[in-house]
Structures are given as C-alpha cells and as structure tokens.
Amino acid sequence: MPSDGHVKPERGFVTYRKISDDILRTIQAPSPSYFLALGVVAAVLLWGVYGLTHQIRVGLGVAGYEPPIMWAIYITNFVFWVGIAHSGTLISAVLLLFRARWRTAVARASEAMTVFAVMTAGLFPIIHLGRPWYFYWLFPYPNQRELWVNFRSPLIWDVFAISTYLTVSTLFLYLGLVPDIAAARDRQQDWRRYLYRVLALGWQGTDRQWRHFNSLYGLFAALATPLVVSVHSVVSWDFAMSILPGWHSTIFAPYFVAGAIFSGLAMVMTLLIPMRTLLHLEEYITLHHFENLAKLMIPTSLIVSYAYVTEFFVAWYTGSAFEFGTFVDRALGAYAPFFWVMVLCNCLVPLSLFWKRVRTNLRALFVISLLVNIGMWLERFVIIVSSLAHSFDPAGWVGVYRPTWVEGAITAGAFAWFFLLFLLFIKNFPGISMTEMKEVSSPDGPPAVSYQPSALRLEP
Amino acid sequence: MARRGDNSLTRALLPATLTLILVGLVALVFRVGAQGQPPVPTQSTESGTRPSRGSSTVQPLAFSHRLHVRERTIPCLTCHTYARRGPVAGIPSVQRCAQCHLTIAKDRPEIVKLLKYWEDKAPIPWLRVHDLPDYVRFTHKRHVLADVTCETCHGDVAGMDAAVQTAPLTMGWCVGCHKQLYAPTGCLTCHY
Amino acid sequence: MNVHVLGVFDAAGKAADAARALRTDGFARVTTYAPAFDHNLDAALGPGKSPVRAFTLAGGILGCALGFAFPIYTVLDWPLITGGKAIVSLPPFVVIAFELTILFAALMTVAGFLLSSGLPRLRQAPYDARFSQDRWGVLVTCAAERAEAARAHLTQADVEEVRVGEGTR
Amino acid sequence: MSELLDHVGRRTFLKLLGAAAPAVAAGACSSVPPERIIPYVIPPEDDVPGVATWYATTCQECPAGCGMRVRTREGRPVKVEGNPEHAINRGRLCIRGQASLQGLYNPDRIRGGRRREVTNASAGQSRLTNVAWEDALTSLAARIQTVREAGRSSRIAIVTPLVTGTLDRLFDTFAKAIGGARRIRYEPFGYEAIRTAGRIAFAREAVPHYDLARADVLVSFGADFLETWLSTVEYSAAFAEAHREQGTRRSRFVHIEPRLSLTASNADEWISPAPGTEMLVALAMVQVIVAERRTQVIQDADLKFITDLVASYSPDRVASQIGVPAAKLTELARLFSDPKAGPGRSLAIGGGVAGSGSNATALQVALNLLNYVAGNVGTTVRFGPDASYGRASTYREFAELVESMRAGDIEVLITHDVNPAFTLPAALGFSAALERVPFVVSFSNTLDETTARAHLVLPTHGPLESWGDEEPRAGVRGLRQPVIAARFDSRHVGDLLLDVGRRLGEEVSGALPAEGFYEYLRAEWRARYEAEPPASAATPGSTTFDDHWATALERGGAWNQIEPQPVMFSREVAKVSFDAAVINGPSDGLVLMPYASLHLYDGRGANRSWLQEIPDPVTKAVWSSWAEVHPDTARSLSAQEGQLVSVESPHGKLDVPVVLNPNLRPGTMAIPIGQGHTEYGRYAAGRGVNPITLIDPTPELLSGGVRWLSVKVRVTPRALYRPVLKLQSSESQVDRDIALAVSLDDVIAGRAQTAPGVEHRSLSPEHTHPEYRWGMAIDLDACTGCNACVAACYAENNVPVMGPEAVRRGRTMSWLRIERFVERRDPAATAVDVRFVPMLCQHCDHAPCETVCPVYATYHTDEGLNAQVYNRCVGTRYCSNNCPYKVRRFNWFQSEFPDPLHLQLNPDVTVRSQGVMEKCTFCVQRIHEGKDRAKDEKRPVRDGEVVPACAQTCPGQAIVFGDLNDPSSRVSQLAGSPRAYRIFDGLNTRPAVTYLKKIV
C-alpha cells in the first residue's frame, strides 16, 4: 500500500485494502465450530421434515388443534417470520432513504435475514393446509377445471404479497451483492470463483455500470419501502378482515407493521451479536450500530404496547359483549400466562433500553433481543388462539389448544431451516457490503449533494 | 433482455419454489399409502381416478357394439335401459343378453361363453370404460331427457367393437357444454 | 487501428484528474474503473441521467393495470357470489393491483439496469483485478498515433502503472 | 314377495361386488386400474339403479312399535324414517329408531352359530367356537327331546323380550307343544305398577292409553315420556301438539321429580320433591280437589269414600315430608281441576325412576284417584286401546325363574334378544344362577353379557331382515318386512323354532304350523281378516285378502280405532297403604337414582357409535357414564367435577366420575343406565359403569316390579380425576342472545316482536334468488332437545364417528348440535327455563365463511344455499374461524366406517376425505331429488315436498323447511311470525334460518 496524500488517517478511515482483506477473509475456509453448528441445524431440520411427513400421512389431526381453535402454531410461525423479514428491508431500504449512514455495516446481514425469513414464512401456509398436496390451487393459473382463485380472500392477497416480497427482497439482496461478488471473483482461488464469475455478471465497476447501479439501488429502496408496509398490512388483514372478536380491528395494520419491525430489529441483534464475533468483524459492526438498533426498538415497542392498551380500551368502551368477553378471556382465561409473558417481554423489558448503559451492553442487548423474539412470537399466538377459543357462541367454547410433538418438530425445523440458510450465506458471501464500506470511508472527502439519483446515496 | 430479467427472477424464486415443490411431492408420496378406508359403495372427495383417454381394455366377452348398433340397428336404450329413468345408464343384465341369444347365434364361441354365465347365474365382470371421479354426480336421466345424444359423450360407439372413451370427460369439457347450452354451472350441480 | 491505454491509479482523485484531462484533450472514449462508487469520478466524465427510472415507471403502470384487469377477468369468467359481495368488487382488487405494481416495477427496474449497463457481460474488456479492491483505472481507446498523448495525461495524474494493448474496436 | 326377497339377496350380493373399487382413493393423480362394473344377472323389477326404493316396516328398538319407512339403494337400507301413515308415530322417529340401522350393520354382530367348547375342564375354562347349523339344531333338539320325554318340560324356560303378534303366538305354541315350558316376556322397564294400580282402582289390569294431546294441564310424576316412558315418540308428538301456542291456548305442563330430566327441562314448572314422595303430592292434590268440591263427573258415594280416604293427606300435613310448600300443592290441585274447563282436560301420569320405589303401585293408585276425581278417566286416560306392556311378565316372575335356576330346576334355558345378565339387578344373582343351568341357548345376533355365557348361540335375523308383526297397542298391528337379505349366516327366530319343532317328532311338529314363519304370518293375518274384515271390505268380495295384505305391507300395517271402554271405580283402593318409599342404606348416604338413558335405553344402544357420540341432551356428555350430584352435596363430600368417587350400596360398589348438576335435589345422586358393558362389542365394552348393580333386587310388593329407587349409597371421593367428555362447557348464554324467550302473555298481547335492530346496509347491490330460496324455521318452543334430528343427520349425511379420543379434543363431526342453555332466575322459583337450540349451518346470505375461502370451495348459490364443495377444499379452515355459529367441521383424519357399517353410507352424499371442511347442506341431495321430480312433472317444487332429514324426524315438528320465495309456504309464514328472530342478527350475516322464541 503506497503512501498517498489523499488518505487522511487522522479521520480514522480504514483503507480500501484493509476492507477487502477483512471482509473477504470471512468467506475463507470455515472453522470446525462452523461445521458443528451446521450439523446441529441440519439434524433439527431433519426432525422437522419427519414431523411434517408424519402429519401429511396421518392427517392434520396429529397437530393439537381443538375446535374451534382451527389455527394455531403454524399460522403463528407464519406471522412471526414475516415480521422478522421486515426489519431487513427497513434497515437496508428505509434507512437508506433517510440516509442513516450507520446502516452500512448491518444492511447486508439484515437483507439476507429478510430473504431467508420470507422463505421460512412461506412454508407455513402450506404446512397448515388440510390437503397440502393441492397447495398450487392457491395460485391463479389456467387449468382444465376453468377455475380461478377467489381474489376477495385475504389469503390470496397473502399469496401475492408474500411472493412479491420474496422476489423484490431477493433481487435487492442479490443486486447489492454484485460488486462484492466481483471483488470476491477477482480474489478467490478455490472452486467458488466459477460461481462468483457467473453471479458477478461480468461486473467491472466501470463508470457506466456504477451510474446505473446507483439509480437501480435507489429505485429499489423506493419500491421496497411501501412494499414492506403493504406486506405486513396484508398479513394483518388475514385477521382484521374476519368478523372474529379480537381479530376484527382497524388498528391491526399499523399495529402489525410496528410489531414486525420491532421483532425484526430484535432478530437482527440476535444474529449479528454472535456473527460479529464469529467472523471477527468487531471493527465494522461496532457498539454504535447496536445502540442505534436499540434506539429504534424503543419507539416500536412503545407503539406495540399502545396497541395492546387500545385493544382493551375499545373492547371495554364499545360495550360489545363479544369483544369484551374475548379480551377478558385473553387476560384471565386459559391462555392468560402467555399473554402476561408477552406483556413482560414486549412492553416492560424494552423500557430498559432507555438507559445508555443497557443499550451499550452487548450481553444485555442479546438477552433482551431474545426475550423480544419470544414476546413477539407469543403475541401472535395469543392473538390467534385466544381469540378463536372464545368467539361468539358460548356453546362452542370446548377446545383448549395443546400443541403436540409434531408442531414442536415442525416449528423447530423451521428455525433450523432459517439458520441453515443464514449460516451458508455468511460463509459464501460478504456479510458486510465492501463497496458501501469503501464509499463511506471515501478517501476524497465529501462531494457536494447533487440532483442525480445518486443523491439518494449516503452523505457523511 | 427479457431472458436476463427472467434469469434473475427465476433465481430469486428458485429456493421458494423448490421448497414448495418438495412439500408437495412429499405430500403426494405419502397420499398413496394413506387411504386405509374399506371399499365404500359411495363417493369420496379424494378419489381422482381419471380414466385414461382412448384406452381400450380387454373385456371378458368380445362384445361388438358395431355389430349390434350399426348392423342390427338396435337402439342404445334397448340394452342400457335405465338411462332415461335414472342416473345410471345400466349395463344390460345377463338375462337381457340371454333373452335374445338363447335363440340367436347360440353356437358362436363368445355366445357360448355368455350362455355359460347365464347358466351359472353369474354376472359378467365387465371392465369400466367411462369412469368419472367419485365426487362427480352425473345423471344420465336429465341429459337424455334434454336430448343430449349418447354420441356427445360416448363418441361413435356404433363404429366401435369394444367401447373406448373418446371424450376427455374433464370438468372443463363438461362446463364448456353447460355454458354453451345455458345449463346450470353452479358447483353444486355436480358436487355435493 | 485502435489501441487501449489503461492507467492504474492508487486514488480515486488521481483517476478523476486523468479522466478530466483526457476529456478536455478531446479523447472521446474514456472509461473509468472503481472499486466503489465515487462522485468525483462520476462527475469527471460529465453529467448523464440514467434511463432506469423510465423502466420502473413503465413496469409500475403495467403492473397496476394488470392487477385490476386480471381479477376482474377471472370473476367475470365464472361468476360466483361470496359473502353477498358484488361480483366485481374493486376494494379487494386494490391490494392485488398494488402488489403487482411493485412487482412489475421492480422486475422492469432490473431489466432496465441490465439493459443500460450492458450486463451480463460475456466479452471481457481490458481490466485489472485490483480494480475491485483498492485501485482505480482509466481506459483510453484511441488511434495508435495518439497513444503517446494519452499516456502523457495519465503520467501527469501520477499514474501507478500504464499498459498499452492492441484494441479491436 | 319371497321372490323380492331373493332379489334383495342378489342385489345386495351384486352390490357388494360392485363396491369393489370406488373410494379406495389414491393420490390426486395416480393411475388406478380400471374398475369392474357388475351388471345384474336378473334385474329386480321394482328397482332402478341410483334411485331409492322405500319399504314400510316396524321399529323394534323398544316395545312402542313405531312404524318405519326404510330407504334402500341397490338393496342396501341407507336410512330409516318414521312412517307417516302409522297410527303410533305419524312419521316421526326417535334417536334410537334412527340408530336402528347401526344395529343392522353392527360390526360386532355374530356371523354364524357358536357352541361352547371346554378348553380346560379342571379350570372350568371354555370358549365359543363355530358350529354348523345342522349340528347346532340337532344338539338343541336332542336336549329338549330328552327333557321332554322325561316329562320334565316345565324345567325348560324360554325368555324373550315383550314380543307381540304372530311371533309371540308362535313362542306360546312352541312352549305348549314341547309340553309346557315356562315362558317369560322380559322388559327391564315393565310398568307393572301401572297395570296393578289399574286392577286395584278400576278392576282392569292394563296399561291404558294416555291422550296427552287433549290435556290442557299435564302433571307428570317422574314419567319421562320424552325419553323412555311407554311410547316416547307418540307421547312427545302429542305433548308438542298440546303445548304448541295456538292463539291464546297452550297447555301447561308440570313435572314432579327430584332431577331436572330432559322431560322436566321441557316443563313449564318443575317441582323437586324429596325422593319417593311423589305419591303424597298426588294424594294432597286429591285431598284439595275433593275438599274444595272441584271434582267432576263422579258419584257422591265414591266422592265420600275418597274424601275419607285422603282426609289425612291435606297439603299442610304432608308438605314438610315432601319438602314443597303447601301453597304450591294447593295451587297445583286447583290448576289440575278447573271446573270451568270441564272434565277430562287434565292428565296425571307417573313412572320413571322417581315413581318406581317401594310405593310405585301406591303412586299409580293415587294418580288413578287424581285422574278419577278430575274426570279424566275415559277421556285423557283410556282403557281399551291398552298398551302391549300389559302382557309383559313381571319382574317378580323372572325373579322366581332365577330362583329355580339357582335351585337347579331349570335344565334348558332359551333366551332370545334379552340381556338379563346386564339389565337385572346384579344382587338377584342371575349370573350365578346361570352357571347352574346345564344347557343355555341364545337366539341372538349380538354377543351380549348373557349370550356370551350361553352353551349354544344361534344368530337370528335383525329386525330389518325379518318378517313379523307388532301389536304395540290394541287396534294397531304393524307389519315388519325384510328390507335386505340377511347380512350374515343367521336365521329367522320363528323359522328356528319351527325347525327345532320338526326335529321333535310328530307330536310336537303337528302342533306347530307346517310351513315357514312367513306363511304362518300370512295365515294369521288371513284368519284375522276373515274373522273381522276391515270396514273397507264391508261388502264381501269387494276386496280380497291379497289386496288387504298388499295394502298392509305398503302402509306398514293395519289399524282401527278402539273406543275407550268404561271402567268402574273399585274400593280395593282402601287396601293400599300410602307410605313414602322405603329407601335402604346408610342414613347419611345419598339416594341413588339410576335413570333410563334417552340414548341407550336399558343398555341395548351402547354398541351404536351414534348413540355414544351424540351428546346426552342434559349433561352434553359423550362416550361415558357419570354420577350427577348437586354442587352443595359435592362440596359436603369434598368432591369436584370430574373427580372419581366410589359409590357403595348395600348391594354393590362402583367407581364413577362426578358431574355437578345444580338441577338435582341435594342429597341425591343420579347415574344413567346403559353403560358398563363387559361384552357387547367394540363401542360398548369396558365403557362406564352399570348402576343396576347397586339396586335392591327384591321386587315391589304389590306389582312385583323393579324398585329402581331403592337404595342410599355411601360416596367416598378418590384421589383420581376422570373428567367426563362434554361437548358443551357453558350452560349460560353469557348475554349473547342466542336462545330468546317471551312470555305467553306477551305473545297474546302481541308484544313478542324483538325491537328491530339497526337497518342492514351493504356496499354491494343485493344478489337475487330467481327461482327458489331455501330457508328453515326452528321453533324453540317446540324443540324438546331429544336429539332425534342429530341422529337423522348422521345417518343421512354420512357423518363420521370420531370416537372418544378425538372427541376429547372437541373434534366432533356432527353437522347439527343441540345447544342447551339454562336461564337461572331465582333458584327458589319452580318455573323452569331451559332452552334447546338446534344449531346448524345458517346458510347466511352474507356468509362470512364464503369471502375468506381462497379457492371458492364455499360460495352462495342462487337458491340461497351456502355451498361447500368438498373436492375443491384445500383445508385452510379459515371459513370455520370466520363462522360466528361455529358449525363447520374439519376432517382431521381419514374417517373410518368399520365393515359392514360402510354399507349404511348414503350413496347420494359424498364421503368427505382427510383434510377437507364439511357442514350442513340443508340435505342438498334431497333438494336435487325434489327438483328432479318436479322437473319430470313440469311443475315447481311443492311446499313440504323437500324435507331435510332433521325436519323429517322431529317428533315436535319444531323444524320447518321450504322456499322463502313462496309467501304461502309454511316456512315463510313462520319466518314472519312475531316470535321470529335471527341469531347474531347484529353481525349482518342474514341467515336463512329463522328461530322462533321459546314461550316461558
């Protein structure tokens, strides 16, 4: 590295060379511990597949459903994972639009998380079907029956929302990777360089490529932002569009979106804290980043808590026997324990983030993020199960939902599936965007804000 | 350009599609073993036994429709007696065959076989040619009374020896005709 | 008979200076290489709008139209009453239309990007592996007799290394 | 006719062949080898494949002898319905009648003769092995022959149920022919007391016919006529008729019993006296009536006599003993005897558990007095058209037989379709005595506790497989004809007897009819016909016997009106001692009330999966038995709901889980009869307990009947919990306004209407119903909660039975459930307000379930039906979540119909497979059938032409179905009634089902 006057070490910028070295190191030959982790998740995944095949062969009855509770853990998982998916796009797209410079270090990881979370979420609507072998009937395609799908059903909205979201977020991740893949291509010696060669699409980083790339990236951010909002709104409408007390509520869309971002941020932390040490990226993913994530969690947590309160208030204020009955049952009925644990995890614990000492303590953050994940999972469980268990007709209040090993296996398998994908990703692709890293540490000081689409880029 | 667009699109959808298909396949595989129900003389939702089109099966007797219908000009309803009265057209009873063949062409080998059945008072185990899925409720009566010709669905049986299926007998095919003739197209017309 | 003159720089600024100088000297075909986007460098070759946004708009409009047309076609193809709602009940179709708008806009954006940036690229242009790490490049394609002038400009801008090669273009 | 029988046989056989391939379903797109398609050899003349054929026959589930019409398809009976022409049940049928098909197709039927083989003589072990008919009959004949030739024929005993008509005559002839064998007509519920009381009070030993339809005031002293008492269907129908609101008139019904039974739940007033004191209530009423000179049509001499007789039973005197305020008794007496109403407008009946203590006869005598003084005898109480029950043997006679069995005086015991080992009080020691009988033969097709102990088991045809006739009541002769050839290797019991007889030599066979039972039956009817030609045949030769026979077969029998015969009041009454019932056992114990179960009767229903899985009408419990105690009593015992308690009487001991029942007199315990089988098949064996093992075996003194109310039990809680499976947890509506009620005054004053709710608006234009618009009206005031409709639905719609394990998870598949809500005002008040709500798919015009289905598997037809397309359903279950009425059912597993139960499946209804949603269709297959018929006759469907299974069988006629587009249809008119309302109207689902408020 020849000395050149342009680099201003006192500004604390790392050199491009160092960025390339450090980040490309993360995709070198993995440690045994990595393979151990890989083996564990693979084993759990197999258990889940076994559970699923058992369920398909014997019938959905092997799950713990008890009428009138017709939806339970599978849909809970679906909503949970869709929620997780959200923060990814939030961090990479929304923060991009808001020019939050610190996002750079964590954007790539959260984009990957988004894609894998959607891929996990997408499984559950199929797993929970009574006849999963006909899942393709949910897609509108020309067939000899001359039948189409019912576009009035929120489930069809889901089909469109989720597949759109999967497509867009995957493209977002991949295109953002292209320059880094090119960098890897030019450095990598093992077999993967052929893979990189294909994936890099012949990227050379010419002026022309960079210009269109910028435009593309900005536009994608602009498209992804409304998409994120719409997707979880649609998911919330699965419930809000029904007439069931506890589901039929106008606040669901914003309430779910906030909850989704909240849980997503928690999951980002849960993933990044270990990844950072595992891949020795302490210099890039710093305490400062986690503190910012924590700061984002505070408002989202507050919004969610506010939604809880509102629900109960409305139930009481409207004086509808149905609404009121449902919420009394939610707080005091068979599922009350879950409800209160949820309140603890989602409303009370995050309040501690108001203290900087907590925000800047990785251990504390890790524990909190785990608790929030649990809390948000329980939120969906409580909304779904307790509302179903206590609807209009008292004569129908028979079932008390008790999950079986099958549901356990499939849920665990889903988590394994997610972590498997994530592990494979971070060992084969740069877990932090090198190009963006290089940009924010640009040797030639800040250029003027221009009117070009590139104006969407981060400003120091 | 479209090619490239598709390329990236499929790449993006690939993992999802694969997982979906995986689940679907697993499901299918296990379906086949899953049906432990005793033979029920009634319809089932799941049974999708689609008749293979144009497949001619080897019947226990080499009965020739052509001979009976075209050359001897016997109307269909003479033997398939119930078509006008009930949902099932009815395979002629052994008795009905015997009524004629006790006198006609007694010495032909196939007729000898037939008369054997008659003496044993045993039914003839014909193989089914036109077979709708069990969840479809088709009634010959209404169609015959609406002057839908036999050929419409059964093809030119008069020209066949052993009957073979000529029409696809798929839902779309039924519905097409129903729409054309303003016959009811509600699902409950055939599925309940 | 054209030649390629490729200069390798260790700083974006230097590359930008070189590019600017070459342009002012009338070299038409100058290409820069960079490991990361750099405004200075981008500006050096003069302003230019990206057409990608046009694709996005087109995709959006197409998707939106499709999002309404398709559901309406299907419900009219086989009208079935559900929940006492009108056969063509637009409110639910808005959701479909919205999602398809985004989907098609995104796909078209990608298409636009690939199209305008000439990717995927099969034929390799003059390139140096370091360009994706920590080096910047300036490529000049010019008639053989002007190669010297080009080299001079590069050296002026404190080039690290210059390569001249036979060009087919 | 026998020709037809052959066809039935062949049809069935061929159908079975034909049943080879269908529904052995494979994956959606797997190729299946081509199906066989089996033609008839000889086509039956009266049968078109795919078109139903109906046969009239007679039900044999209890001695009520209701007429049935059996719907057969290709030779298989697939549904039984009440015979509209039949004099007893007029087209209605109870839950047990509906379930008779599961008797025919019971998977546990004995499929051939069995003989006991000693496997280990020393250990006295033996087992039943197959035996050929020839050997079996020879050995039986040989046995009888030896006993007979030794002149010990009296040591042969024949025990049958209460068979009537020709078969009864044949049994008698046979018994006589073999030299006078003992004969018992055994009914567990025998009504001896009513007969005896008839003899004592009116010198006529008979079970009279009660005319509930005429009674403006009905007082029942424990008679559970909606459950098991005498002729359930007939009496519930009559009650419904009298109790239905017609303008200002509506009968008043008071039920007196310590427990709020199903019958009591339908009363306007429920008085809960101390157990065994009902008689005192009756006497007090008599006392008031005579004292206040409210009597009607009665000679002064009798009046004087009765006045003296009951003088000491004035309300004030007995009130404390009964535990009911004297004023209430007086009020009751005045209500009962209203001089303005004129004579014979009221009726008092009695029986059931509560009424069969040690004073059972005394109670019935008291009731006779009561009816006599109110002038009801001859009007609402009719001697003449007497019930066949009068001919049943008394329990005492059986007890004596058991005695001589124990003494070793019985050498051959022949039983037919009876199960004394289960239904007799265990303390009587029948089982032990049975061991002393060297040769026990059982003519039966189910391996019940008695049959399992027999030395020889000869399977007989089921009722739907046999010829026969029933005479449930004088003047009513129902015919029974086979509707299917015997499923298994069995014989008609009559032919069995004849066959045995022929093997006993000229002397015996000479005394017996020469030909088979069918010829004998015809001969009997011919004789009857020639003796007394019916009115139609007034001019001789106008009709022949063959016409008569054909008509009878078609109508299901022959009946003529029997006029009530006058009876004289007899002073015998003076001899009766009127004391409260004696109840033995620990003084601190609970009074045990083993009550006959609506579903299982005396236990004979226990192996019918429908009867096990359909919830008990009162407790909503399934697949189990339980002990009901009052919460206070439970508290003093420190026992909780679902806790196992051991119940010990002087005669036996059993463990049973507790069910808290606030509507039960404290200090008592009620256990349903019917469970606790050790044999009897897969659904019955090892399930629940049999309370009959606890009661006192000594017969009631005067009548010799069973003393059901005879013991107190010591109850000790155990540290075990066996919660009883219930399909409804909440007895309260939690102010959800599901079952509404209105007072009779308000109805009369025209204030029944509910205030019109918010006007319903919709974003979209209303969709139209161009031709028909099917709808239903359910009158909560007429619904008694008897569950008949539920069973009918199971039978008609191939609703699978899930079994206890699934039901524990609430996974019932019933399309129709009866919700029971108890409105508790102040607990002291005797007015009852129990509301039964038949809940089924409401076929909403704005159905929430339809919108959310992603694949159009459910949608709204232009005839107003909420369609469910099974083969399109992928099973998201979203529709069920979004259904406010929670009437949608999901197939968690592939449903199973154990051979031969699958033959009962209705071919017109798809069998739903694993993973699809299903629900009530308004019996769309019947709608199709009706429209098809109408189309053939080029006319619209007539009102009442299409009747769903539930509406068809309803004894109270509470359910009415029809076309709402036709303003003149019954359903339209009911929908316009001031009592009409729709459940959850505020949700704007616009149901097609209208409910009519109960009148309280």
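User: How is buried area defined, and about how much area is buried between chain A and chain C?
Analyst: Buried area is the accessible area (1.4 Å probe) that two parts lose on being put together, summed over both. The model is predicted: local features need pLDDT of at least 70, side-chain atom pairs count only at pLDDT 80 or more, and totals for chains, interfaces and linings use all residues. Residues are numbered from 1 along each chain as its sequence is written, chains are lettered from A, and side-chain values use heavy atoms, without hydrogens and water. Carbon and sulfur atoms give 64% of the area between chain A and chain C, which is about 5900 Å².

User: Which residues form the salt bridge between chain A and chain C?
Analyst: A salt bridge puts a side-chain nitrogen of Lys or Arg within 4 Å of a carboxyl oxygen of Asp or Glu. Across this interface the rule finds 1. The closest N and O atoms are 3.3 Å apart, and the partners are C:D42 and A:R211.

User: Which element of chain A gives the most residues to the side that touches chain C?
Analyst: Helices here are DSSP runs (H or I, at least four residues), numbered from the N terminus. Those giving two or more residues to this side are helix 1, helix 6, helix 8 and helix 16 of chain A. With 19 residues, the top contributor is helix 8.

User: Which residues of helix 1 of chain C are buried?
Analyst: Buried means under 20% relative accessible area (1.4 Å probe, protein chains only). Helix 1 of chain C spans residues 12–24. Its buried residues are C:A12, C:G13, C:K14, C:A15, C:A16, C:A18, C:A19 and C:L22.

Terms used: The expected span of a helix is 1.5 Å times one less than its number of residues. Buried means under 20% relative accessible area, exposed over 50%, partly exposed in between (1.4 Å probe, protein chains only).
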